[in-house]
Amino acid sequence: MGESVQTLPYGSWPSPVDAALAAAHDGRPDDVGFVGDEVWWTAPRPTEGGRRTLVRRHPDGTEESVLPAPWNVRSRVIEYGGRPWAAYPTDAGPQVVFVNFADQRLYSWRPGAGEPRPLTPVSRVGGGLRWAEPQPRPERGEVWCVLEEFTGEGPTDVRRVPVAVPLDGSAADDRGALRELTGERHRFVTGPRPSPDGRRVAWLVWDHPRMPWDGTELIVAEVGPDGTFQDARTVAGGPRESIAQVDWAPDGRLLYTSDRTGWWNVYRDGQPLCPREEEFGAPLWRLGQRSFAPLDSGLIAVVHGRGATALGILDPETGDLVDAVGPWTEFAATLAVHGERVVAVGASPHSAYEVVELDARTGRSRVIGAPHRDAVDPACYPRPRGRTFTGPGGREIHAHVYPPHHPGFRAPDGELPPYVIWAHGGPTSRSPLVLDLEIAYFTSRGIGVAEVNYGGSTGYGREYRDRLREQWGVVDVEDCAAVALALADEGTADRERLAVRGGSAGGWTAAASLATTDVYACGTVIYPVLDLTGWATGGTHDFESQYLESLIGPHAQVPDRYAERSPAGRADRVTAPFLLLQGLDDVICPPAQCERFLEGVAGRGVPHAYLTFEGEGHGFRRAETMVRALEAELSLYSQVFGLKPPGVPTLELTR
């Protein structure tokens, strides 16, 4: 191999990972569940308009996409969605209940029995009626769900409540046939979880200005003879205690995850089961996430870890925790159990997310769905390292460093590689250390990538998460810059060829970095937050409409801070070239913010490009969009860093 290695400058190596390949492998299986003995899940289809389909694994191990295009199994509740499907066995086969993205109606369908039929009506008010976390209750002839109902045309004219939907279709054209399950009124609710005997129910609630990782309440109620929830009472949680999930043990005791100690740990009737400085929960960006699931034996399947996650089995009587053996180093917050079978979604730095089954009796784990298949020679995959850097004031900063790597190429002696600093979205989230062909697209060409889990990221406890309180645009920017400069100072990266890149909240960090530091030679800003004042005064959706109260500070008390930190108000300070990418259907970060930012740049001679995409919202899902975006990003770096990657269309930059 050594004799066949060619010498070419960084950034100019020919790569088998093209943009189309990276786009085709974008997304992961999610929302796993059992239907009888079968395992089902949702899966992305980037080449089919970015829809998500429902996949069924038959007993012989074959997979079938059971809902053809254009059906799109995806909810828009709180815009980030929630679990969009459920099913139950009948004598005639599985009966499926799912949310269709296009109209957000709830549908019922049996494979092989014609077209899906609607269960819920259409509302012409605002964003209409939306649904998440369906839980079929066939014994009652209904399905319990979270209803998100718009009461006006504004983005915050909305209410949410647990509702029972008739399974016979009688509510398909009749809002009055929907039965609200509780008189409790909170801004946000999760789906109700019935106890094993069906006599009690539990769910989570929170209200503005809190986000669910700030503080939630756990509500328990009795289920009355008419199916309504009665005598509701708060049993855990509060303004500074986040309950991330609730469920019931087989013996009827209440299970939940709480961060009352600074870490999301599992509790049973208020007592910790395995107290550790690890996370057994995840930020509630989507309704219906599951980081633990009780087994019939009384054991509990858990996804847990610190900065990374493992799949394990917890014995609640002893506190013992045994992890599944296998190559996976990261598991998503989606679990399903049936008997002693556990199904999860796992990945590693060398494999993409796949559906994994663990037998809790034998400890055996195996891939049963969406198996990873190498799209190219795995020798071309990146070889990342998890690292901890030192930031301002000596604080720790966690990051994943992906050096340039291609088995067939090396750079000339003495040349240092360009590096792109990736800031994740959220910002209450994190970057997992898993195989991502978008990263391989750059590293296999000779461009390094560093994903920064800056202060405010999840996975490292509440104290780390709280570093960003009132410091958004400060701590995240400083942490990303500290990692970039550390890589340059140690001789890993070229100081003159550093870039910053991010989407959503990461787009904010990228834009703020360009406006407030001289660290980066260029940047890529993707569906970003750019104007805090507009965002805080009706410029975004309800779920995040008061997020800035914690990230920036109370708007009524520090209005100037909103203007001072906004990249839209600092656009005249941007001197580095940049690429701005925006979906035109984005209601979370609307295009108007980009337009205001560009007004501040216009006429100042800063090279830039603004690409917009019809039919795309917050997060690109269509293959053609992702191809255009990746190729444009590589072209930007090529022009600024003086690279010559073969076969990449030139992005036209405006001055």
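This note goes through a helix, a sheet, a pocket and some backbone details of the structure.

1. Basis. The model is predicted; local features need pLDDT of at least 70, side-chain atom pairs count only at pLDDT 80 or more, and totals for chains, interfaces and linings use all residues. Residues are numbered from 1 along each chain as its sequence is written, and side-chain values use heavy atoms, with hydrogens and water left out.

2. Helix α4, length. Helices (H or I, at least four residues) and strands (E, at least two) are DSSP runs, numbered from the N terminus. Helix α4 covers residues 475-489. Its end C-alpha atoms lie 20 Å apart, which agrees with the 21 Å that its 15 residues should span at 1.5 Å a residue. The expected span is 1.5 Å times one less than the number of residues. Gly491 follows α4, with a positive phi near 85°.

3. Of the 15 residues in α4, 11 are buried. Buried means under 20% relative accessible area, exposed over 50%, and partly exposed in between (1.4 Å probe, protein chains only). Among the buried residues are Val475, Val477, Cys480, Val483 and Leu487. Asp476 and Asp479 are buried too. The buried residues of α4 pack against β32 (385-390), β33 (396-402), β35 (419-423), β36 (448-453), β37 (498-503) and α5 (505-516).

4. An open sheet. Four strands run in the order β23-β24-β25-β26, with antiparallel pairing. The edge strands, β23 (292-294) and β26 (321-323), each pair on one side only. From one strand to the next, the twist averages 25°. Axes here are lines fitted to C-alpha atoms, for helices over the stretch in contact, and angles run from 0 to 180 degrees between N-to-C directions. Two strands pair if DSSP finds at least two bridges between them. Strands β24 (residues 300-304) and β25 (residues 310-314) are joined by five bridges. His304 has Ala310 of β25 as its bridge partner.

5. Pro118. This residue sits in strand β9 (residues 117-118). Pro118 is partly exposed, at 25% relative accessible area. Beyond its neighbours within four places in sequence, Pro118 is in contact (heavy atoms within 4.5 Å) with Arg105, Leu106, Tyr107, Gly169 and Ala172. Phe98 is 20 residues away in sequence, and 9.6 Å from Pro118, C-alpha to C-alpha.

6. The second largest pocket. Its volume is about 1,300 Å³. Of its 41 lining residues, Gln135, Arg193, Asp247, Arg290 and Val337 are the closest to the centre. Strands β2 (30-35), β6 (85-90), β10 (129-137), β15 (193-194), β19 (243-248) and β28 (336-338) each supply at least two residues of the lining. A pocket is an open set of points on a 1 Å grid over the protein atoms alone, where a 1.4 Å probe fits, with protein on both sides within 12 Å along at least five of seven lines; lining residues have an atom within 4 Å of a point. Grid points are joined across faces, edges and corners, and the volume is the space filled by probe spheres set on the points.

7. Backbone points to check. Most residues other than glycine have a negative phi, and most peptide bonds are trans. His208 and Pro209 are joined by a cis peptide bond, with omega about 5°. Pro209 is in the loop between β16 (200-206) and β17 (217-223). Gly426 and Pro427 are also joined by a cis bond, with omega about 0°. Pro427 lies in the loop between β35 and α2 (437-443). Asp231, in strand β18 (residues 229-237), has a positive phi near 55°. Asp231 is exposed, at 59% relative accessibility. Asp269 has a positive phi near 50° and lies in the loop between β21 (265-268) and β22 (271-272). Asp269 is partly exposed, at 45%.
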